[in-house]
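Colleague: Walk me through this one. I want each label set against its cut-off.

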Amino acid sequence: MDTMDNLEKQLICPICLEMFTKPVVILPCQHNLCRKCANDVFQASNPYLPTRAGAVTSGGRFRCPSCRHEVVLDRHGVYGLQRNLLVENIIDMFKQGSTSSSSKPEPEKREEAPMCEVHPEERINIYCVTHALPTCSMCKVFGAHKDCEVAPLTSVYQTQKTELNDGIAMIVGNNDRMQGIISQLELACSTVEENSRRQKTLICEKFDALFTALEERKQSLGQRVTAEQEEKLGYIRGLSQRYGAHLEDSCRAVATGITAMEEPEMALFLQAAKPLLKKLTDAASTAHLDKVEPGYENMDHFRASFSRERQALSAIDFIHDEEEEEDDEEGVDVDPAGSPAVATATPSQPIPSAQTGSLPSAPKTASTST
């Protein structure tokens with residue numbers, strides 16, 4: 001009998017917990033299921049697949065309830081699984097052996113049934129459908145359930161056991177679907193992080209290009225100021241050298257005049273006086289020397305106002321869907337895969353060049369008479 005009991009345990013379906021019923025299908029993992037149970041598990045795992053007459057007729061997948069191995073079905077569904085004729089034959093032989101052995105007298109096995117709490121001498125043998133509670137016959141006849149609808153325990157037992165099995169299969173399918181959704185969500189998180197890193201890199205590249213353009217513009221404007229500075233300094237220094245040379249000539253004329261004043265001989269003095277007076281007159285005159293015009297050294301005409309540029313930089317933002325994309329190098333980048341890339345941060349207005357004055361023309365000489 002122990003051998004038969006062990007054999008019977010090997011012939012129990014892991015879904016319905018009953019002995020396999022024909023036909024028995026063998027899964028790719030070598031585990032067995034009733035075809036009906038396999039169909040129920042498959043429908044629970046694939047609730048949106050088309051069915052016909054309660055049977056799935058298209059491909060799909062589900063997991064083996066014994067080892068969780070994934071079973072992939074073709075378009076025939078569970079009807080495409082191979083039948084396990086060996087197990088079916090063993091079941092037939094087991095049932096025949098059970099029938100023949102049942103003719104022999106065996107000690108009757110009585111399962112201990114729970115007793116009614118209200119009538120301790122009565123076993124619980126019926127089910128109150130109204131209150132969804134097992135009870136005894138005395139409660140139905142004389143007790144609290146005399147006006148209730150009742151049913152045999154066996155029928156309610158089989159019904160609720162089937163419902164429980166169906167619920168378990170449904171939960172198994174739901175768990176598989178939720179695991180798949182969790183995997184998809186984790187993949188979506190990784191994709192979001194990767195896309196974020198890529199778009200941050202693009203934004204940094206755009207800002208670096210903007211910084212480079214600003215630096216180049218700053219150097220260009222600085223070079224213009226430096227060029228006018230060198231021009232003015234060259235002119236002023238040249239004029240200073242000319243004035244210095246004229247001053248030396250004047251000093252020499254003064255020294256010559258003082259020496260002539262000490263000459264005691266009148267004839268010699270008169271011979272040198274006239275040309276000396278001419279030198280003194282020329283030394284006193286600066287008519288041939290240029291003079292710097294008032295404000296010539298001023299550099300205030302190099303003025304720059306960046307209020308509009310500052311507003312434009314403050315208005316840098318991403319391009320929205322309703323805005324038209326500008327067709328220039330500062331526009332929106334789209335990756336090769338065709339997915340919408342984040343809009344590059346671009347100023348709403350191009351940065352104009354600084355407002356500067358033009359270099360002054362060559363200074364005009366101002367002549368003065370002495």
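Modeller: Here are the ground rules, then the labels in turn. This is a predicted model: local features need pLDDT of at least 70, side-chain atom pairs count only at pLDDT 80 or more, and totals for chains, interfaces and linings use all residues. Residues are numbered from 1 along each chain as its sequence is written, and side-chain values use heavy atoms, with hydrogens and water left out.

Colleague: How many helices and strands does the protein chain have?

Modeller: The protein chain has 7 helices and 10 strands. Helices (H or I, at least four residues) and strands (E, at least two) are DSSP runs, numbered from the N terminus.

Colleague: What makes helix 5 and helix 6 parallel or antiparallel?

Modeller: Helix 5 covers residues 153–261, and its angle to helix 6 is about 155°, with the axes 9 Å apart. Axes are lines fitted to C-alpha atoms, for helices over the stretch in contact; angles run from 0 to 180 degrees between N-to-C directions. Under 35 degrees counts as roughly parallel, over 145 as roughly antiparallel, 65 to 115 as roughly perpendicular, the rest as oblique. Helix 5 and helix 6 are therefore roughly antiparallel.

Colleague: Which residues of helix 5 and helix 6 make the contact?

Modeller: Among them are Ser-250, Ala-253 and Gly-257 of helix 5, and Leu-276, Leu-280 and Ala-283 of helix 6. Contact means heavy atoms within 4.5 Å. By class, this contact of helix 5 with helix 6 has 8 nonpolar, 4 polar and 2 charged residues. Ala, Val, Leu, Ile, Met, Phe, Trp, Tyr, Cys and Pro count as nonpolar, Asp, Glu, Lys and Arg as charged, and the others, Gly among them, as polar.

Colleague: Why are helix 2 and helix 5 called oblique?

Modeller: The axes of helix 2 (residues 35–45) and helix 5 cross at roughly 40° and come within 7 Å. That angle makes helix 2 and helix 5 oblique to each other.

Colleague: What do the residues of that contact of helix 2 with helix 5 look like by class?

Modeller: In helix 2, Asp-40, Val-41, Ala-44 and Ser-45 meet residues of helix 5 including Asp-166, Met-170 and Arg-177. The contact of helix 2 with helix 5 divides into 4 nonpolar, 2 polar and 4 charged residues.
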